Every structure is written in structure tokens, then in C-alpha cells.
Amino acid sequence: METVVSGIRPTGFLHLGNYFGALRNFIKMQDEANCFFFIADYHSLTTHPKGSELNTHIKNVLIDYLAAGLDPDKSTLYVQSDLPETAELYLLLNMLAYLGELERCVSFKEKVRKHPDNVNAGLLTYPVLQAADILIHNADKVPVGKDQLQHLEMARDFAQRFNHIYETEYFKLPVAYNFGNELIKIPGLDGSTKMSKSDNEASCVYLSDAPETIRKKVMKAVSDSGPTEPHQEKPQAIENLFQLMQAVSTSETLQFFEEQYNTCQIRYGDMKKQLAEDIIAFTTPIYEKILELRSNDTYLRSVAQKGAEKAHESASKTVRQVREIIGVRSI
Ligand code: TYM
């Protein structure tokens with residue numbers, strides 16, 4: 001059976017980008033693979049969140065995982081910091097990661113540009129920690145959105161380098177995965193190409209948004225005054241509305257608005273109304289489960305505890321074997 005590993009940072013509630021880029025694949029994969037899905041709390045420390053907020057976000061991501069359909073009896077669900085073996089493998093992999101390649105990483109360069117006052121070492125070695133998450137269970141596949149592709153390539157590089165330096169075939173070379181042919185990027189409501197909480201809250205629709213909030217957000221989405229010529233190329237913000245519709249609406253609905261656009265008859269107000277209702281139809285069952293789970297701390301704690309135990313079984317085996325290969329074992 002293949003091993004699947006992936007994680008999401010607890011920076012807030014999960015949005016449609018997280019769902020269609022990652023979570024939807026997690027849910028499908030849990031029936032056919034040995035799955036580990038975690039909450040990447042160490043990774044979110046690079047931006048120095050307040051302790052109390054981080055703690056709330058960790059709980060919220062676990063709630064979103066469960067409400068969206070992850071089943072703790074099928075998948076191992078855990079919090080990254082509950083698995084100290086990850087930190088040990090991170091340390092060991094850091095010896096194989098070169099400064100030049102870490103500095104060239106696009107996500108690092110972006111963070112440096114956006115937050116020049118907080119260029120910490122954790123940010124630089126972020127891809128090494130991500131590789132440790134993946135290799136700690138010796139994963140075959142990693143379901144992620146398109147933005148994680150470079151991190152996945154780096155994880156593969158570190159695995160390959162380990163195998164090469166220590167003359168072993170111990171680590172498999174993990175690949176980024178999506179059930180469709182291509183990795184996905186869900187755009188924002190603000191005209192940006194990626195729905196992202198850290199870039200702009202207003203660009204996001206959360207799985208935990210109430211229907212009325214979704215209606216308000218979608219009606220405020222960026223659009224324009226409409227096409228002036230038939231079959232005109234779509235500006236980014238309009239392309240975004242169509243891409244969102246492609247994710248949540250039926251192909252008939254999408255086709256209808258495509259035709260309206262191509263014949264210059266489109267009314268964006270109507271399109272947004274339809275888009276909002278289709279998003280709501282899709283999120284409502286998840287939203288209702290989220291409300292239910294919020295008051296069930298005992299259950300949530302038991303899920304995280306059981307997940308940590310199961311993850312520990314797999315991770316301790318990897319660390320033991322890696323130590324042996326490297327030669328750092330007690331005498
Ligand atoms: P994060 O927390 O930013 O995002 C979690 C997952 O959601 C996907 N995603 C999107 N997919 C499509 N469209 C979007 N607009 C969109 N926004 C987010 C991401 O691609 C990701 O799959 N470094 C990772 C977390 C991580 C991880 C790992 C992932 C830590 N360790 C090990 C896989 C394996 C991150 O910051 O994702």
C-alpha cells in the first residue's frame with residue numbers, strides 16, 4: 001500500500017483553495033492508501049503568531065479536517081509538534097541542505113520581500129522541515145496545491161542526496177499529487193491569482209463561513225463593466241470568477257455564463273449570485289458539521305492523541321533506521 005503524507009499550516013480557517021488544492025485529495029486518498037495528515041504548527045511559527053491564537057487555529061484546522069470528511073479511523077491525523085521525531089529528522093536533513101538552494105527558493109524570496117524585518121533561520125530552512133514531514137513516513141505521494149511544487153522538488157532532492165551520500169536506497173522519492181492531471185490553484189475574490197489568507201483576507205471564502213457571509217463576499221468580488229467584443233480575452237478578475245465556478249458549479253451553469261460572456265450579454269451580478277449559491281450548496285454540509293464539532297473538545301483531544309500515537313509508531317521506526325544508516329547510534 002502506498003504512503004501518503006500532507007499538512008496544512010494553522011494560520012486560520014481553511015478556505016476553498018486549501019479544499020480544492022489539498023483537502024479534497026486527502027479525503028479521496030484515505031480509502032486507498034496509508035495516510036498521514038497533520039497540522040503544520042511548527043511551520044507557522046516562522047511568522048511569530050501569538051500563542052493563544054495559534055492554539056485556536058490548530059483546533060480549527062482539526063475541526064475543518066474532520067468536518068470536510070477526514071476519518072480518524074482511516075487516516076492518521078496529528079499535530080506536527082506532537083511528533084518530536086520530525087524535529088530530529090529536520091536536524092539531520094539540515095546537514096544536506098545547501099545555503100544557495102535554500103536562498104533560491106521562491107517562497108523564501110517572497111517572504112524576504114514582504115517581511116524584510118523577519119528573515120529568520122526557520123524561514124530559510126522551511127523546505128527542510130517540510131521534507132522532514134514527508135520523509136519521516138517515507139511517503140510516496142504528497143497531495144498539495146500548485147504553490148507547493150518547488151517545496152516538493154526540494155524534498156525529493158534531499159531524499160536523493162541522503163540516498164547518494166549514505167549509499168542507500170532508503171528514502172523513496174515523493175511526488176506532488178492531484179487526482180486530476182494537474183496541480184490546482186484556486187484564485188482569490190480580489191482579482192489575485194491565488195486565494196490566500198496571508199495575502200488578503202477578503203480574497204478568501206472559508207469552509208466555516210456562514211451562508212450570509214459567503215453571499216456578501218462573493219457579491220463584493222472584483223469584476224468590471226463587461227466585455228465589449230464577442231469572445232474577448234478575460235481579464236484576470238473575470239477569469240477568477242469562471243475558475244471558481246468551474247470548481248463548484250455544474251458544467252451547464254459554467255457553459256451558460258461562458259456563452260453570456262462570449263456574446264457580451266453577461267451580467268456579473270447574476271453570475272455572482274449563482275456562484276454564491278453554488279458555493280453555499282457545497283459548503284453547507286461542512287459548515288454544519290463544523291458548528292457541531294466546535295463544542296466537542298473531548299472528542300477533538302482524543303482524535304489528536306490517537307493520531308500522535310499512530311504517527312509516532314511510523315516516525316520512530318524511520319528515525320531509528322536513519323540513525324543507523326548515518327552512524328549516530330548509541331554504543
Ligand atoms: P499551506 O498551509 O499554505 O496550504 C495548505 C495546502 O493548501 C494548498 N493551497 C491551495 N491550493 C490551491 N489553490 C490555492 N489558492 C491554495 N492555497 C493553499 C497548498 O498548496 C497546500 O497543499 N508548506 C505547506 C504546509 C506543509 C506541508 C508539509 C505540505 C508543511 N509540511 C508537508 C505537504 C507536506 C503550506 O504552507 O501549505
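The chat below goes through strands, helix packing and a few loop residues.

Me: Experimental or predicted?
Reply: This is a predicted model.

Me: OK. Start with β1. Is β1 mostly covered or open?
Reply: Mostly covered. Strand β1 spans residues 3-8, and five of its six residues are buried.

Me: Which strand does β1 pair with, and in what sense?
Reply: Strand β2, residues 34-39. The two pair in the parallel sense over six bridges.

Me: Give me some residue pairs. What is the bridge partner of Gly7 in β2?
Reply: Phe38 is the partner of Gly7. Val4 has Cys35 as its bridge partner in β2.

Me: And how enclosed is β2?
Reply: Largely enclosed by the rest of the structure, because five of its six residues are buried.

Me: Which residue of β3 does Phe38 bridge to?
Reply: Tyr78. Phe36 stands opposite Thr76 in β3.

Me: Are the faces of β3 covered or open?
Reply: Both are covered. Thr76 and Tyr78 are buried on one side. Leu77 and Val79 are buried on the other.

Me: How do α1 and α3 cross?
Reply: Their axes come within 10 Å and cross at roughly 60°. That makes α1 oblique to α3. Helix α3 covers residues 51-68.

Me: Which residues make that contact?
Reply: On α1, Tyr19, Leu23, Phe26 and Ile27. On α3, Asp64, Tyr65 and Ala68.

Me: What is the hand of the α1 and α3 crossing?
Reply: Right-handed: α1 passes α3 that way.

Me: Now α13. At what angle does α1 pack against α13?
Reply: About 75°, with the axes 13 Å apart. The two helices are therefore roughly perpendicular to each other. Helix α13 runs over residues 268-293.

Me: Which side chains are at that interface? I want the residues that meet.
Reply: From α1, Leu16, Tyr19 and Phe20. They meet Ile279, Phe282, Thr283 and Ile286 in α13. Note Tyr19: it is listed in the contact with α3 and in the one with α13.

Me: Switching to backbone geometry. What is the phi of His48?
Reply: Positive, about 55°, although His48 is not a glycine.

Me: Where is His48?
Reply: In the loop between α2 (41-44) and α3.

Me: Buried or exposed?
Reply: Exposed. His48 has a relative accessible area of 56%.

Me: Now Glu167. What is its phi?
Reply: Glu167 has a positive phi of about 45°, and is not a glycine. Glu167 lies in the loop between α9 (149-165) and β5 (175-177). At 75% relative accessibility, Glu167 counts as exposed.

Me: On to Asp31. Where is it found?
Reply: In the loop between α1 and β2. Asp31 counts as exposed, at 54% relative accessibility.

Me: How far is Asp31 from Lys74?
Reply: 7.0 Å, C-alpha to C-alpha. In sequence, Asp31 and Lys74 are 43 residues apart.

Me: Last one, Asp190. Where does it sit?
Reply: In the loop between β5 and α10 (211-219). Asp190 is partly exposed, with a relative accessible area of 24%.

Me: What does Asp190 touch, leaving aside neighbours within four places in sequence?
Reply: Asn200, Ser203 and Val222.

Me: And how far is Asp190 from Leu89?
Reply: Their C-alpha atoms are separated by 39 Å. Along the chain, Asp190 and Leu89 are 101 residues apart.

Me: Good, that covers my list.

Methods: Residues are numbered from 1 along each chain as its sequence is written. This is a predicted model: local features need pLDDT of at least 70, side-chain atom pairs count only at pLDDT 80 or more; totals for chains, interfaces and linings use all residues. Side-chain values use heavy atoms; hydrogens and water are left out. Buried means under 20% relative accessible area, exposed over 50%, partly exposed in between (1.4 Å probe, protein chains only). Helices (H or I, at least four residues) and strands (E, at least two) are DSSP runs, numbered from the N terminus. Two strands pair if DSSP finds at least two bridges between them. Axes are lines fitted to C-alpha atoms, for helices over the stretch in contact, and angles run from 0 to 180 degrees between N-to-C directions. Angles under 35 degrees count as roughly parallel, over 145 as roughly antiparallel, 65 to 115 as roughly perpendicular and the rest as oblique. A crossing is left-handed if the near helix is turned anticlockwise from the far one by less than a right angle, and right-handed if clockwise. Contact means heavy atoms within 4.5 Å.
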